[in-house]
Amino acid sequence: MKYRTLGTSELEVSEVGFGVWTVGTDWWGKRSEKEGVALLQKAFDLGINLFDTADTYGDGYGEEILAKALNSHRHEVIFATKFGYDIYADTVREGHKERPQNFTPEFIRYACEQSLRRLRTDYIDLYQLHNPRINTIEDDEVFDTLEQLVKEGKIRHYGAALGPDIGWFDEGESSMRTRQVPSLQIIYSILEQDPAQDFFPISEDTATGLLTRVPHASGLLDGTYTKDTVFDDADHRSQRRKEWLEQGLKKLAYLDFLTEGVDATIGQTAIQFALAPKMVASVLPNITDLPQLQEIARATEVSPIPQEHLDKINELYQVNFYLERVDTSPTGGQKSSRGGS
């Protein structure tokens, strides 16, 4: 495993991190707590030290399982969690629909204390605004509160995680330029490059470290997704629109060159692609089982993607892989700076 410094922070993070939502929720298939703990512990054994979770994952369970698995290694790992969704309100969540958000100073403090309790720690390494809108980024009280939490030693650094889907350019730019966060989490993959490409020069200019997630495009780039794949209704991938899947599989047909004559799988190559931009500190793939974990953890050991292949990927992306441009958003939203993936 290799490590990089996250932006202007002193955090040395593994190039491959672990997105805890795959073991903290049933959105990526169901597994027992024993299986989830074993995956997290094996990830640590393989050199992964960045574990990214959120209070909303399983209504706190995503933090609790992380503590259960790695509390004995607390000072060797980096706990990144998120806040902003009111999981404490007495409301029933409908499917995968977003919860109400709350970024008041009082709620931020309360949410932080609850996360500290569930994580069984007295500090959080990276505390991230979870899918903030522009009005939140422009709210001085939010960042005054976070600065105070840093001074109190309850968090070491804070950042922003954009979402829930791709887009949110204004929020990302303002987080980097106005708030100068050391960390910004975004979606980026061979098949989903906008608006990430627009973030890269800004992050370099502001020295913001980037965490990229979904490098395998929700399963299309790790060899597990086909047109015949069927998922449980609770699975996040079951929500993907048919058009999105069909378009994605057609694009894959143009990427065979990436695995010809190389010692890497398509899944490892997807990780290497996401690590290519210089300001990317770590990639957060969706890890669901031991063989996949072992394959992904070895992604930093394979040879980097040749420049001619990166150029060809760029050419294909610019022409939409020679496919007609249609709305392939999994949520049906328009593809824009505020749209879906």
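The side chains of E113 and K154 meet in a salt bridge, with 2.3 Å from N to O, where a salt bridge is a side-chain nitrogen of Lys or Arg within 4 Å of a carboxyl oxygen of Asp or Glu. This pair links distant parts of the chain, since E113 lies in helix 4 and K154 in the loop between helix 6 (140-151) and strand 7 (155-161), 41 residues apart. The model is a predicted one, in which local features need pLDDT of at least 70 and side-chain atom pairs count only at pLDDT 80 or more, while totals for chains, interfaces and linings use all residues. Residues are numbered from 1 along each chain as its sequence is written, and side-chain values use heavy atoms, with hydrogens and water left out.

**The chain as a whole**

- The protein chain has 12 helices and 10 strands; helices (H or I, at least four residues) and strands (E, at least two) are DSSP runs, numbered from the N terminus.
- Of the 341 residues in the protein chain, 57% are buried, where buried means under 20% relative accessible area, exposed means over 50%, and partly exposed lies in between (1.4 Å probe, protein chains only).
- The accessible surface of the protein chain comes to about 14,600 Å², and 47% of this belongs to carbon and sulfur atoms; accessible areas come from the Shrake-Rupley method with a 1.4 Å probe, and for residues only the protein chains shown count as cover.
- Among contacts (heavy atoms within 4.5 Å) between residues at least 6 apart in sequence, 77% join residues at least 24 apart.

**Salt bridges**

- Side chains of opposite charge can pair when their charged atoms come close.
- The count of salt bridges comes to 15.
- D52 forms a salt bridge with K82, and the closest N and O atoms are 2.8 Å apart; the pair links distant parts of the chain, with D52 in strand 4 (residues 50-52) and K82 in strand 5, 30 residues apart.
- D52 counts as buried because its relative accessible area is 3%, and K82 is buried with a relative accessible area of 2%.
- R99 forms a salt bridge with D59, the closest N and O atoms being 2.4 Å apart; this pair, too, links distant parts of the chain, for R99 is in the loop between strand 5 and helix 4 (105-119) and D59 is in the loop between strand 4 and helix 3, 40 residues apart.
- R99 is buried at 13% relative accessibility, whereas D59 is partly exposed at 45%.
- E10, R74, D125 and R156 are linked in a network of salt bridges.

**Residues inside the fold**

- T212 is found in strand 9 (residues 209-213) and counts as buried because its relative accessible area is 0%.
- Leaving aside neighbours within four places in sequence, T212 is in contact with I186, Y188, A274, V280, S282, V283 and L284.
- T212 and Q185 are 27 residues apart in sequence, and their C-alpha atoms are 5.7 Å apart in space.
- Q272 has its place in helix 10 (residues 266-275) and is buried, with a relative accessible area of 11%.
- With neighbours within four places in sequence again left aside, the contacts of Q272 are A299, T300, V302, S303, P304 and I305.

**Partly exposed positions and a surface patch**

- H73 is found in the loop between helix 3 (61-70) and strand 5 (78-83), and H73 counts as partly exposed because its relative accessible area is 25%.
- The C-alpha atoms of H73 and N49 are separated by 9.7 Å, although these residues are 24 apart along the chain.
- V319 lies in the segment after helix 12 (307-318) and is partly exposed at 37% relative accessibility.
- Y254, V319 and Y322 form a nonpolar patch on the surface, with about 310 Å² of accessible area together; patches are made of residues with over 30% relative accessible area and no salt bridge, like charges being joined within 9 Å and nonpolar side chains (Val, Leu, Ile, Met, Phe, Trp, Tyr) within 5 Å.
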